[in-house]
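Me: Could you go through this model with me? I'd like to start with a few backbone details and then move on to the packing.

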Amino acid sequence: MSKYQKAIKLLQDLIRIQSFSTKEDKTANRIEKWFVQYEIPFNRSNNNLWAVNKFFDKSKPTLLLNSHHDTVEPNKGYRRNPFSPDIEDGKLYGLGSNDAGGALVSLISTFTEFYHHPNMSHNLIMAATGEEEIAGENSLKGLLKIIPKVDLAIVGEPTLLKIAIAERGLLVVDATIEGTSSHAAHPNLDNPIFKLASFLNQLKEIEFKKSSSLLGEVKITPTGIEVDDMAHNVVPSHVHLVLDIRVNEHYSNQEVFHELQKNLPYNLSARSFDLRSSSISLNHPLVKSCIDLGKKTYGSPTLSDMAALSCPGIKLGPGDSTRSHTADEFIFIHEIKDAIDFYGELLTKFLLT
């Protein structure tokens with residue numbers, strides 16, 4: 001059985017197992033069997049698995065290879081069994097096949113191939129992690145507190161094997177417009193719903209001047225609204241809104257939040273500042289290695305475990321992000337083969353030459 005067939009079989013096994021975020025224990029068990037089969041010592045923390053190369057040297061910098069084995073729940077549009085890893089017309093179907101099973105098994109295969117190399121410029125850590133889809137505490141974010149220091153990273157996600165050298169951050173803000181509750185039949189000059197138009201106009205006026213050639217401008221989108229009383233004859237005391245804010249690499253989440261506080265005289269609270277934007281220089285040796293091998297770079301609008309990292313990194317993997325979380329999710333078999341080949345070429349160029 002070739003290395004490609006072994007990786008595809010691993011992915012098929014993973015697809016057969018439900019691995020919704022926080023419930024990835026059985027896919028973690030299956031990945032354990034891979035490491036046991038290839039006699040690679042490994043560690044496990046919750047549902048996260050990690051291993052280091054055989055000749056790990058603390059004096060060398062460390063390159064992290066990471067992807068996740070948790071999935072979202074299948075949406076209602078599925079016509080196929082989401083847990084049946086069928087191969088038809090060159091496509092491997094199944095929940096998590098594209099996001100991010102293809103990248104995960106390709107990286108595991110590549111790590112296994114490089115595990116025994118004695119003279120690499122960097123150490124390698126392979127981390128197969130959970131809770132990526134919910135940015136949970138037991139995702140890569142939590143694992144980074146346990147594993148050896150990471151100096152550089154390749155995060156496996158569906159990028160069509162293009163090199164994401166920047167990624168938008170995410171800031172979710174809850175906003176509350178306060179007013180005075182009353183019976184709808186009586187006069188009320190402090191109805192918070194009437195204040196909503198003013199809030200939205202003020203929101204539109206906020207300008208973040210630093211635009212990015214890779215990620216564009218900071219984008220603020222109201223995505224939710226509710227009142228504290230839905231009775232037709234009651235004026236509510238509060239209107240609550242949710243703001244989805246996509247942050248480019250020129251701002252920290254804290255900076256964006258402080259700008260909102262300065263310009264919006266309302267009660268604002270951020271759910272988390274952790275999902276920050278990231279970028280790596282075009283002149284970084286890892287990026288230059290990718291470009292030398294013919295790959296294109298871009299800025300990614302979607303979030304990944306890159307947000308947990310404080311070191312430089314790239315996002316790179318087989319599959320297409322537009323297939324993620326869609327009904328009848330699939331990945332092309334050739335995409336997995338191409339990824340294994342390219343990961344191998346990249347590590348050879350970057351670590352061994």
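Me: Which loop is Leu160 found in?

Reply: This is a predicted model, and in it Leu160 is found in the loop between strand S7 (152-155) and strand S8 (163-167). Leu160 has a positive phi of about 60 degrees, although it is not a glycine.

Me: What about Thr22, what's its phi and where is it?

Reply: Thr22 has a phi near 80 degrees, which is again a positive value in a residue other than glycine, and it is found in the loop between H1 and H2. With a relative accessible area of 44%, Thr22 is partly exposed.

Me: And Ser21, buried or exposed?

Reply: Ser21 is found in the loop between helix H1 (3-15) and helix H2 (25-37), and it is buried, with a relative accessible area of 13%.

Me: What is Ser21 in contact with, leaving aside its neighbours within four places in sequence?

Reply: With those neighbours left aside, Ser21 is in contact with Asp70, Thr71, Glu131, Glu133 and Ile134. For Glu133, the separation along the sequence is 112 residues, while the C-alpha atoms of Ser21 and Glu133 are 6.5 Å apart in space.

Me: Which residues does the cis peptide bond join?

Reply: The cis peptide bond joins Asp99 and Ala100, with omega at about -5 degrees, and the place of Ala100 is in helix H3.

Me: Staying with H3, how does it pack with H8, in angle and distance?

Reply: Helix H3 (residues 97-114) and helix H8 (residues 333-352) pack at an angle of about 45 degrees, and their axes are 9 Å apart. That angle makes H3 oblique to H8, and H3 passes H8 in a right-handed crossing.

Me: Which residues meet there?

Reply: On the H3 side they are Gly102, Ala103, Val105, Ser106, Leu107, Ser109, Thr110 and Phe114, and these meet Ile336, Ala339, Ile340, Tyr343, Gly344, Leu347, Thr348 and Leu352 in H8. By type, the residues of this contact of H3 with H8 divide into 10 nonpolar, six polar and no charged.

Me: Switching to sheets, what is the strand order in the open sheet with S9?

Reply: The order is S11-S13-S9-S14, four strands with antiparallel pairing. Strand S11 (219-227) and strand S14 (267-270) stand at the edges and each has a single partner strand, so one side of each is left without a neighbour in the sheet. From one strand to the next, the twist averages 20 degrees.

Me: How many bridges are there for each pair?

Reply: S9 and S13 pair over 10 bridges in the antiparallel sense, eight bridges join S11 to S13, and four bridges join strand S9 (residues 169-178) to S14.

Me: What does Asp174 pair with?

Reply: The bridge partner of Asp174 in S13 is Val242, and Asp174 also stands opposite Ser269 in S14. Elsewhere in the sheet, Val227 stands opposite Val239 in S13.

Me: Which helices lie on that sheet?

Reply: Helix H5 (residues 196-205) lies across S9, S11 and strand S13 (238-247), running at about 15 degrees to S13. Helix H6 (residues 253-263) also packs on the sheet, where it touches S9, S11, S13 and S14, and its direction makes about 20 degrees with that of S9.

Me: Where is Phe273, and what is it in contact with beyond its neighbours within four places in sequence?

Reply: Phe273 is found in the loop between S14 and strand S15 (278-279), and with those neighbours left aside it is in contact with Leu171, Asn253, Gln254 and Phe257. Phe273 is partly exposed, with a relative accessible area of 29%. The C-alpha atoms of Phe273 and Val172 are separated by 8.6 Å, although the two residues are 101 residues apart along the chain.

Me: Last topic, what does the whole chain come to in helices and strands?

Reply: The secondary structure comes to eight helices and 18 strands, and the C-alpha atoms fill a box of roughly 80 × 45 × 35 Å along the principal axes. Of the 353 residues in the chain, 51% are buried. Among contacts with a separation of 6 or more, residues 24 or more positions apart account for 79%.

How values were computed: Residues numbered from 1 in each chain as written. Predicted model: local features only at pLDDT ≥ 70, side-chain atom pairs only at ≥ 80, totals over all residues. Heavy atoms only, no water. Axes fitted to C-alpha atoms, helices over the stretch in contact; angles between N-to-C directions. Helix = DSSP H or I, 4+ residues; strand = E, 2+ residues; numbered from the N terminus. Parallel < 35°, antiparallel > 145°, perpendicular 65-115°, else oblique. Left-handed = near helix turned anticlockwise from the far one by under 90°. Contact = heavy atoms within 4.5 Å. Nonpolar A, V, L, I, M, F, W, Y, C, P; charged D, E, K, R; others polar. Pairing = 2+ DSSP bridges. Buried < 20%, exposed > 50% of the residue type's maximum accessible area, 1.4 Å probe, protein only.
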